Amino acid sequence: NKSFIVLAAIEWMILMDSFDAATANLGSDVYKLIKYEDLCTDVSGVMKDVTDFCELEWTDGFANRMSQYTLRSANDKYKTELNAKQQQDLQEVLEDYLKKHGYE
């Protein structure tokens, strides 16, 4: 029904398929998945994991700088910015992808 919400969902699915295809053959030694919501929840912890993965030194100065950042996830923004019908359409279109990527 020409829903821009559904079109955006389809675009996200296309991007996720491309992402999955691009990373399918990468080993854990060359690729680390960082989830946005994890970064928002624990900036310093995620960045510590990233520096470890990249074999970089985690210094006190870097730790202090990271502790100054607070991020807030906007993952639930759709709950206040979309009406009930739009939310339902979004959920129906994305259901399988949300499960596949751990967003149940």
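Predicted model: local features only at pLDDT ≥ 70, side-chain atom pairs only at ≥ 80, totals over all residues.

Residues are numbered from 1 along each chain as its sequence is written, and side-chain values use heavy atoms, with hydrogens and water left out.

Back to cartoon. You'll find six helices and zero strands (DSSP runs: H or I of at least four residues for helices, E of at least two for strands).

Now select Ala9, Met13, Met16, Leu82, Leu90, Leu94, Tyr97 and Leu98: these eight make up the largest nonpolar core. Such a core is a set of buried Ala, Val, Leu, Ile, Met, Phe, Trp, Tyr and Cys residues joined through side-chain atoms within 4.5 Å, where buried means under 20% relative accessible area with a 1.4 Å probe, protein chains only. H1 and helix H6 (84-100) each give two or more residues to this core, and H6 has the largest share, with four.

Zoom in on Leu82. Beyond its neighbours within four places in sequence, Leu82 is in contact with Ile5, Gln87 and Leu90 (contact: heavy atoms within 4.5 Å).

Last stop: Thr23, in helix H1 (residues 4-23). Buried or exposed? Thr23 counts as buried, because its relative accessibility is 16%. Draw a C-alpha to C-alpha distance from Thr23 to Leu33, and you get 9.6 Å for two residues 10 apart in sequence.

Technical notes. Buried < 20%, exposed > 50% of the residue type's maximum accessible area, 1.4 Å probe, protein only.
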